[in-house]
Structures are given as C-alpha cells and as structure tokens.
Amino acid sequence: MGAQPTVSDVADAAGVSRQTVSNVLNTPAIVRPETRERVEEAIRSLGYRPHASARRLRTQKSSTIGIRLDPMTRDGISGSVLDRFLHALTEQADRKGLRVLLFTADDPQDEIEQFRRLSDGADVDAFVLTSTFHGDPRTEWLIEHGQSFVTFGRPWGIDDMTDPLHLWVDVDGRAGLREATDHFLALGLRRIGYLGWPAGSGTGDDRRAGWLEAMRDARAVDETTLATLEEAAEDGVPFGAEAMRRLAARVDVEAVVCASDSLALGALTATGGRIPVIGYDDTPVAASLGFSSVRQPLDEVASGVLELLTGAHGGRVQSSVDDPRHRLVTPQLVLREGATLLGAR
C-alpha cells in the first residue's frame, strides 16, 4: 500500500505553503476564495485526510458530536425518521472531519447524566438533541453549563423564532399538513378529517394547526362540523385504526390527513383503503404500501444542524453574531395513487 498523502503533498499540488493548507483545514474564512478552492481541489484529487489524533491533540477538541440513540418504537414505523436523520448526520459530519458518538438514555434525566459524563470526560465537543418537548430540561441544563448544542426540533413553549438561547433546525409541520389538506380541498373534497396526537405535543399541535388553517381558510365546513372532524390517539397503527373508527362513526369523512404514517396506516386498515389518506414522514411503509405522505428532507435538516454547530455560532449563541439562530425546512408532499391493504377490515 502506498503512503497516505501529507499536508506537504497538498501544498505542493496547490502551489501554496503548508501553513495555507492548515488555514484552509482549520480557519478557511481567512483564506482567499480562489486559494481555498485550489487547496480544496488538491485535497480531493489526492484523497488527503487530516490526521485526526494529531488535530485533537493540537486543538484540545474531540471533533465529536454526541447524540442520543432513541429506543425502537412499538411499531417500528415512525422511528425510521430518526434513523434516517442519524445516517444523514453521520455521513455529512464525516465529510467535515467530524465523528458522531451515539449513546442511550432511558429518559431526559438519564440523558442529562450522559451529557455530564461525556462533557466531563471531554469525549464530545457538542450535542445534537432530538424529540424536543415543552419544558425540556435537557436544553436548560446544556445552556446552564455552557455546552454547545443544536436541537432537531423547536424548543417548544417559548418564543422559539427569536429566542437567543436556543439553536435549532426543524421541519415546518404546519406547512406540510396544510399542503396535504389543500390537496384534498383542490379535489373538491370538503369533510377532511384529521388524526393527530393528544394536545400538548409541540410537533403534533403544529401539524394540526396546518390542517385547521387550511379548512378554515377554505371555509370547507362550518365550525360545528369542523369540531367533529378530528380525533386524537397515541402514535401507533392500532391506535390510529381505533381513532379512525370513532371518527367514521361520528361523521361521513371524505378524506383524512394524519400526524404520522403510523396513524395513517391505522386509518387505512380501519377503512379498507376506501377513504384517501395522507400520512406524515414518508416512511418506507408509506412507499411500499403506496399511500401519500409528507416527506421530511432529512439531508437538509442534517446540513442545517452541522452549519449551526460548526459555523459562526459554533453551537452557542453569541450576541455579536447576526446569523439566524434557526433553520425552518420546508417538507415535500409525496403523492401516490393509493394503498393496497390485504386483509384490511
């Protein structure tokens, strides 16, 4: 096997000094764009990779991001979203010379103990949080202890669009469910039901708001009828099926939009696919069964998270920096002709 290319090899190929190569790798903003492009092209063509151990010793940084690995969900459907996000984050972090360290935790307090252990041991430089919720104690602990972090999900319950203490990236669930509802309205349907989670879930309430806005703006039904067109249930296929049965027994529903693909599959199972349904997350289940769903662009979410972690903010809010403290990503409605459910009852 041949020797791995060195900084000197890159410098010779680009016609610059070793220090310039080091600047491109560590502080690219101070290098002129044309010079930086020349060095980056030499790095790509030679296949050069910085020596991670040497860099960690020099910078006293681990170049590692910590993130909790969530437990498997009951039906294994909705959990695939975070699996895909982890894959995208790990892949993009690797291209930036960063590593991702996965850890497990039983609950938020256990996760905080993991934060403490990993930060005390200098094992990670920053954290990425998922599954945010109202009054989340994890973010408060990280802020109090001066830790760098970004959340995939808004810090619900505060003025999250302007709050200076939280850096976050999220998918616009309100826009996604509004587009799904508008699609059915454009087809001439009026009694469009909604299956969501119990009130108090920041993500669920946001998605419900999209359905509600679309229905009210279109004046599809009167307010009395509108109140009968929604059902709340715990996330899961059997819960979605039961909620759909309750909804159908109360009102003649023409279509349904859902807060998740698990609920959507439950609705399709309960109706035998006779009523058009749109889910949320565009999981492999939606693709394989052929029902429409709202897709979260997880590559774009991962990119936004890493930009906030490695950019001017460095995972921490600095009052002198004018960069946005959040990224709100637009989802995509994926339309399919219809589901085939064998044995649906």
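Angles under 35 degrees count as roughly parallel, over 145 as roughly antiparallel, 65 to 115 as roughly perpendicular and the rest as oblique. Keep that in mind for the helices below. You are looking at a predicted model, in which local features need pLDDT of at least 70, side-chain atom pairs count only at pLDDT 80 or more, and totals for chains, interfaces and linings use all residues. Residues are numbered from 1 along each chain as its sequence is written, and side-chain values use heavy atoms, with hydrogens and water left out.

Five of the five residues of S1 are buried, meaning under 20% relative accessible area with a 1.4 Å probe, protein chains only. In a regular strand the side chains alternate between the two faces of the sheet. Here Thr64, Gly66 and Arg68 lie on one side and Ile65 and Ile67 on the other, and both faces are covered.

Next, meet the partners of S1 (two strands pair if DSSP finds at least two bridges between them). Strand S2, residues 99–103, runs parallel to S1 and is joined to S1 by five bridges, with Leu101 opposite Gly66. Strand S3, residues 126–130, also pairs with S1 in the parallel sense, over three bridges, and Val128 stands opposite Ile67.

Now move on to helices H11 (residues 237–250) and H12 (residues 261–271), which pack at an angle of about 55° with axes 7 Å apart. Axes are lines fitted to C-alpha atoms, for helices over the stretch in contact, and angles run from 0 to 180 degrees between N-to-C directions. The two helices, H11 and H12, are therefore oblique to each other.

Definitions and conventions:
Buried < 20%, exposed > 50% of the residue type's maximum accessible area, 1.4 Å probe, protein only. Helix = DSSP H or I, 4+ residues; strand = E, 2+ residues; numbered from the N terminus.
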